[in-house]
2 protein chains.
Amino acid sequence: MKASYRPDLKRMPLSSLFYALGDPVRLKIVQTLIEQNEISCGECKSPLSKSTMSHHFKVLQQVGLIQRRGEGTSHYLSLRRAEIDRRLPGLLEALQRATHPL
Amino acid sequence: MKASYRPDLKRMPLSSLFYALGDPVRLKIVQTLIEQNEISCGECKSPLSKSTMSHHFKVLQQVGLIQRRGEGTSHYLSLRRAEIDRRLPGLLEALQRATHPL
DNA sequence: AATTATATTCTATAGTTATCGAACTATCAA
DNA sequence: TTGATAGTTCGATAACTATAGAATATAATT
């Protein structure tokens, strides 16, 4: 998949968005991106293999939750915050709170 | 599973909640319950078989999104609104908006 | 050009899940 | 007690998915 792939989040079925967030590994990636804004694939630490992580990045990009940007040999990942906020207001805040419980 | 089963939504992993919402049939059930407040299993119309629907009700109850109440031969389903709002503020409103786009 | 670094894609597999029909349970009514 | 109603559970299966290793791709470096 091209790094520039960027589907219209407004037309993405909600169940697809929830499906993407319904895996603990992918949810963790999203929560990391809430804090870090932009990270390279390699910085997304996990005991899982690179190919598995790449699979999860792909799922998140396919449903429109993240975007990818190539620079040199690295690919940088970030959330599509504005689009997410428009489709599911409050979601990112709720996820952020869940990362840092009181 | 007993109709009274009612896990603590505060301690349910977020990924489990999203997983439950990540199926189009289950999401539709939840969206119906936003509008209807309480319905019997049979009122939850679908082309799918009764056993399949029962499976989806079970998943939604197991993650704590809905509750069941038996009365006569019927079982009535409803959302656990207060608990959901506490865990994921804005979610139900977002789902409601998605049901009735502007 | 050869090497290194970063990440994706391909192929395979083990595990999971959505689906259905049949069997079962519980309740109410006749 | 017989039958009808409403729904769950069981057993089977086809489809899907998370995972990993091997192969591939691209870009920077030496």
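Let's start at the DNA: by class, the surface near DNA strand D holds 13 polar residues, six nonpolar ones and three charged ones. Keep in mind that this is a predicted model. In total, 22 residues surround DNA strand D, and the closest are Ser51(A) from chain A plus Ser40(B), Gly42(B), Ser51(B) and Ser54(B) from chain B.

Which elements each supply at least two residues of that surface? Look for helix H3 (50-62) in chain A, and in chain B for helix H3 (50-62) and strand S3 (74-79). H3(B) gives the largest share, with five residues.

Three strands of chain B make an open sheet in the order S1-S3-S2, and the pairing is antiparallel. S1 and S2 of chain B sit at the edges with a single partner strand each, so one side of each has no neighbour in the sheet. Helix H2 (residues 24-36) of chain B packs on this sheet and touches S1, S2 and S3 of chain B. The direction of H2(B) makes about 85 degrees with that of S3(B).

Now for the pairings themselves. Strand S1 (residues 39-40) of chain B is joined to S3(B) by two bridges, with the strands running antiparallel. Here you'll find Ile39(B) standing opposite Leu77(B) of S3(B). On the S2 side, strand S2 (residues 66-71) of chain B pairs with S3(B) over six bridges, again in the antiparallel sense. One pair to pick out is Glu71(B) with its bridge partner in S3(B), Ser74(B). S2(B) and S3(B) form a hairpin, and two residues lie between them. In the turn, Gly72(B) has a positive phi of about 65 degrees.

Finally, let's go to a place where the two chains meet. Helix H1 (residues 14-21) of chain A packs against helix H1 (residues 14-21) of chain B, with the axes 7 Å apart and an angle of about 150 degrees. Angles over 145 degrees count as roughly antiparallel, and H1(A) and H1(B) are therefore roughly antiparallel to each other. Their crossing is left-handed. Which residues make the contact? From H1(A) come Ser15(A), Phe18(A) and Leu21(A), and from H1(B) come Ser15(B), Phe18(B) and Leu21(B). Sorted by class, the residues of this contact of H1(A) with H1(B) are four nonpolar and two polar, with no charged ones.

Methods
Residues numbered from 1 in each chain as written. Chains lettered and ligands numbered in written order. Predicted model: local features only at pLDDT ≥ 70, side-chain atom pairs only at ≥ 80, totals over all residues. Near = placed C-beta within 6 Å. Helix = DSSP H or I, 4+ residues; strand = E, 2+ residues; numbered from the N terminus. Nonpolar A, V, L, I, M, F, W, Y, C, P; charged D, E, K, R; others polar. Axes fitted to C-alpha atoms, helices over the stretch in contact; angles between N-to-C directions. Parallel < 35°, antiparallel > 145°, perpendicular 65-115°, else oblique. Left-handed = near helix turned anticlockwise from the far one by under 90°. Contact = placed C-beta atoms within 7 Å. Pairing = 2+ DSSP bridges.
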